[in-house]
Amino acid sequence: MRRSTRARRSSGNARSKRLLAVVGTLAVFGGIVAVTQISSAQDRRPSRTAPVSCTAPSPGATAPGGQGSTTRTWQNGRWVRNHWGDGQMSVAECQQSRGGGAGTPAVACPDVRSRLPQVPDRARNEVDRNLALLDTQIAEANRRLAAEGDRNGQDFIENAVLRPLADKRTATLNRIATAIGRVAQRPQGLDQLAQCALSDNAQNGGNNNGGSNNGGQNGGNNNGGNNGNGLDVLAKDCSDSRLQPHDGFQAGNRCVSTAFGEVGAAANNPSLLITRFPDQVRRNQPFTLRVTTRNLVRDRFLAAGQGGYYLESALLNDQGLVRGHFHTACRMLNSLRQPPNPQDVPAFFVATEDGRGSGQPDDVLIQVPGLPESGVAQCAVWAGDGSHRIPMMERANQTPAIDVVRIRVN
């Protein structure tokens with residue numbers, strides 16, 4: 001009888017200890033989530049003083065010949081500035097611009113929590129477990145990076161730290177999507193958040209998986225469903241959007257609250273044309289495109305890679321002309337009967353700003369360093385305002401400032 005009583009007491013004590021351990025773990029995890037949310041909110045808030053992670057630019061977005069993110073050429077009596085990859089610096093260039101990359105490098109990963117839809121209660125526990133696992137994976141990668149990264153070089157960091165981390169994150173993100181998909185619509189595009197890069201901001205360890213839900217904080221009146229001009233307007237701002245606010249960086253599934261801005265008169269709307277291009281070139285053979293613009297003042301460029309995307313309203317100069325720049329891109333077409341995949345990175349891309357442009361036609365030469373694949377290349381140019389939107393036009397039946405040519409690559 002005494003043994004049975006002691007056994008029950010021992011079992012009760014064990015259960016109490018387990019309960020205390022669980023409560024302690026939840027308290028610690030809650031603290032971690034709170035700290036992570038604050039850190040991520042700071043990371044996403046654009047600031048001239050707060051450091052932003054140095055992330056690797058997209059393939060095809062860097063300047064040829066190892067040049068910096070912005071290059072200059074002398075054309076017709078002025079400097080022409082080309083912003084490669086919309087101003088996305090290489091990791092080395094970014095770190096150098098901050099004083100040589102002071103501080104211990106750490107892993108910086110895309111924010112996952114804030115990009116999730118509303119998580120159903122029945123999936124909450126499994127989603128939270130996997131979000132915590134993403135934190136653990138980053139912490140493990142940072143420990144290995146701190147212990148071995150400096151002495152083993154960039155190849156080691158890529159092959160032994162970043163690539164395995166991406167594989168683990170892919171599996172974990174898939175489990176999150178599956179957990180939500182069992183009881184609601186499965187979220188799409190989470191696998192795009194698997195890739196991580198290095199950041200010299202060691203203050204938060206590169207841990208960007210937290211983040212509070214900022215949806216609905218854009219302000220503005222609720223215009224959804226209101227009649228405007230006798231039309232049934234679904235929305236005029238982001239106040240009723242279920243998406244996260246856009247923060248100036250290149251991320252989809254966001255709602256942009258930036259005002260459209262100023263639109264010019266029809267006669268002042270931008271126009272451009274590719275006025276010289278080769279019919280065919282050899283692989284990796286440099287060639288030149290001559291682009292002629294009109295009514296586009298090329299003096300405004302907010303680097304999209306640094307948080308200037310869709311950030312600024314459109315502006316006109318004193319003559320009513322759009323202030324902005326223009327883009328040039330060449331991509332290889334896999335088919336002449338099927339539209340290309342919109343998410344594919346072009347083989348060549350540059351944004352051009354030179355402080356010139358007026359109501360008269362004006363030429364700019366774009367030097368393409370060569371295309372690496374054989375086939376048909378689609379080379380396009382299009383105008384952009386200061387934050388990379390195609391400039392607005394007075395009338396709906398005007399053609400946007402865009403031109404496209406096809407070039408055979410042998």
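# Disulfides, sheet and cores

C330 and C379 are joined by a disulfide, with 2.1 Å from S to S. The structure described here is a predicted model. The two cysteines of this link come from distant parts of the chain, 49 residues apart: C330 sits in strand β13 (residues 322–333) and C379 in strand β16 (residues 375–385). The angle about the S-S bond is 110 degrees, and the link of C330 and C379 is right-handed. C330 is buried, at 0% relative accessible area, and C379 is likewise buried, with a value of 0%.

A disulfide is a covalent bond between the sulfur atoms of two cysteines. The model has three disulfides by the rule applied here. Another of them joins C109 to C196, again with an S to S distance of 2.1 Å. C109 counts as buried because its relative accessibility, 4%, is under 20%. C196 is also buried, with a relative accessible area of 12%.

The sulfur atoms of C238 and C255 are 2.0 Å apart, and these two residues form a disulfide as well. C238 is in the loop between β6 (231–232) and β7 (244–245), while C255 is in strand β8 (residues 254–255), so the pair ties together parts 17 residues apart in sequence. The link of C238 and C255 is left-handed, with -90 degrees about the S-S bond. C238 is buried at 2% relative accessible area, and C255 counts as buried at 15%.

The strands come next. Three of them form an open sheet in the order β9-β11-β15, and their pairing is antiparallel. β9 (271–276) and β15 (362–368) are the edge strands, each pairing on one side only. On average, neighbouring strands of this sheet are turned by 30 degrees against each other, direction ignored. β9 and strand β11 (residues 287–294) run antiparallel and are joined by five bridges. S271 has R294 in β11 as its bridge partner.

In soluble globular proteins, nonpolar side chains tend to be buried together. The largest nonpolar core here has 26 residues, and the members that touch the most others are F287, L289, I366 and L371. At least two residues of this core come from each of β9, β11, β13, β14, β15, β16 and β17 (402–409). What is L371 in contact with, leaving aside its neighbours within four places in sequence? The contacts of L371 are R283, N284, F287, C330, M332, A347, F348, A377 and V409. Among them is C330, the cysteine joined to C379 by a disulfide.

N284, one of the contacts of L371, is found in the loop between β10 (280–281) and β11. Most residues other than glycine have a negative phi. N284 is not a glycine, yet its phi is positive, at about 60 degrees. H388 also has a positive phi without being a glycine, with a value near 80 degrees. H388 is placed in the loop between β16 and β17, and it counts as buried at 7% relative accessibility.

The aromatic rings remain. A pair of aromatic rings is described by the distance of the centres and the angle of the planes. Two aromatic pairs are counted in the model. Y309 and Y310 form a stacked pair, 4.1 Å from centre to centre and with 20 degrees between the planes. Y310 is partly exposed, with a relative accessible area of 27%. The ring centres of F349 and W382 are 6.1 Å apart and their planes stand at 50 degrees, so this pair is tilted. The pair links distant parts of the chain, with F349 in strand β14 (residues 348–353) and W382 in strand β16, 33 residues apart. F349 counts as buried, at 14% relative accessibility.

Notes: Residues are numbered from 1 along each chain as its sequence is written. This is a predicted model: local features need pLDDT of at least 70, side-chain atom pairs count only at pLDDT 80 or more; totals for chains, interfaces and linings use all residues. Side-chain values use heavy atoms; hydrogens and water are left out. A disulfide is a pair of cysteine sulfur atoms within 2.5 Å. Buried means under 20% relative accessible area, exposed over 50%, partly exposed in between (1.4 Å probe, protein chains only). Helices (H or I, at least four residues) and strands (E, at least two) are DSSP runs, numbered from the N terminus. Two strands pair if DSSP finds at least two bridges between them. Axes are lines fitted to C-alpha atoms, for helices over the stretch in contact, and angles run from 0 to 180 degrees between N-to-C directions. Rings of Phe, Tyr and Trp (its six-membered ring) pair if their centres lie within 6.5 Å; planes under 30 degrees apart count as stacked, over 60 as edge-to-face and the rest as tilted. A nonpolar core is a set of buried Ala, Val, Leu, Ile, Met, Phe, Trp, Tyr and Cys residues joined through side-chain atoms within 4.5 Å. Contact means heavy atoms within 4.5 Å.
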